[in-house]
Amino acid sequence: MLADDDFLRDVEEAPAGALHLWWVGQSGFLVKVEGHYLLFDPYLSDSLTAKYEGTEIPHVRMTRRVVDPVRLDFVDVVTSSHGHTDHLDAETLRPLRPRALVCPIGVRELAAERAGVDPHGVGVDERIDVAGFRFMAVHADHESEGGAVGFVVDCGPWTLYHSGDTTAYAGLGERLRSFAPDVAILPINGNLGNMDGRDAARVAKKAQAELAVPCHFEMFEFNTASPDEFVAECATLCQPYRVLRAGERLTLTPP
Ligand SMILES: [Zn+2]
């Protein structure tokens with residue numbers, strides 16, 4: 001896996017004329033497009049490992065941290081899909097000091113507290129333009145105070161869907177299809193209010209996503225899943241997919 005200096009070199013050298021996407025662990029993805037940077041749901045600390053140490057649910061990390069958030073000061077906008085710490089982490093956001101933060105409207109106060117910035121709150125089915133990216137909040141079915149959303153983001157000619165945490169609720173795939181996503185990023189842990197790999201493949205297929213990318217695994221030992229089921233279902237459905245490792249880059253050429 002790429003990390004630290006090697007990771008940042010890869011980010012810096014990734015050329016214009018394409019969209020680049022790196023998995024930075026759990027639901028965290030860094031996007032680079034034409035010199036603009038977007039960071040989805042970063043969790044780049046050990047805050048949960050520390051919080052749950054000695055409890056019945058120790059959060060033992062499986063993958064090392066990709067990069068120190070203090071080194072991501074070039075990012076133009078950060079998202080938080082909901083208020084759970086693996087998606088809204090003070091120990092990531094405080095050092096990162098986001099120039100802009102987009103979150104569900106009901107999470108604004110918590111996000112302001114954890115990130116130390118004034119966030120842009122978005123309601124479900126609302127749009128907002130921030131830092132050259134257009135965000136559309138899509139309902140997420142996930143128990144979390146203040147609500148949970150996914151984001152469909154227009155990045156130049158590309159459209160990405162980042163689900164946040166959600167089940168594969170009825171109508172999600174059809175809703176996404178109207179946005180013609182180039183990439184659908186979906187959880188596969190099948191636990192704690194998230195869909196499993198098979199459902200993630202099915203949602204991507206229903207959404208007619210050009211590419212499905214799994215996430216929310218290989219972060220904590222107690223809450224992970226092998227991507228095998230996701231891969232097998234994608235193969236059955238003829239759904240194109242790509243399984244990234246932490247720190248790895250995916251590059252999309254213009255659609
Ligand atoms: Zn989560």
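Visitor: In which sense do strand β10 and strand β11 pair, and over how many bridges?

Guide: Strands of a sheet pair through backbone hydrogen bonds, either parallel or antiparallel. Here β10 (residues 158–162) and β11 (residues 183–187) pair in the parallel sense over 3 bridges. Two strands count as paired if DSSP finds at least two bridges between them. Strands (E, at least two residues) and helices (H or I, at least four) are DSSP runs, numbered from the N terminus. This is a predicted model: local features need pLDDT of at least 70, side-chain atom pairs count only at pLDDT 80 or more, and totals for chains, interfaces and linings use all residues. Residues are numbered from 1 along each chain as its sequence is written.

Visitor: Which residue stands opposite A184 of β11?

Guide: That is Y161.

Visitor: What is the strand order of the open sheet?

Guide: The 6 strands run β7-β8-β9-β10-β11-β12, with mixed pairing. At the edges, β7 (127–130) and β12 (211–215) each pair on one side only.

Visitor: Which helix lies across β11 and β12?

Guide: Helix α6 (residues 197–206), running at about 155° to β11. Axes are lines fitted to C-alpha atoms, for helices over the stretch in contact, and angles run from 0 to 180 degrees between N-to-C directions.

Visitor: Is F135 buried or exposed?

Guide: A residue is buried if 20 or more other C-beta atoms lie within 10 Å of its own, C-beta atoms being placed from the backbone. F135 counts as buried because it has 23 C-beta neighbours inside 10 Å. F135 lies in strand β8 (residues 133–139). Leaving aside neighbours within four places in sequence, F135 has contacts (C-beta atoms within 7 Å) that include V102, F151 and V153.

Notes. Contact = placed C-beta atoms within 7 Å. Buried ≥ 20, exposed ≤ 12 C-beta atoms within 10 Å, placed from the backbone.
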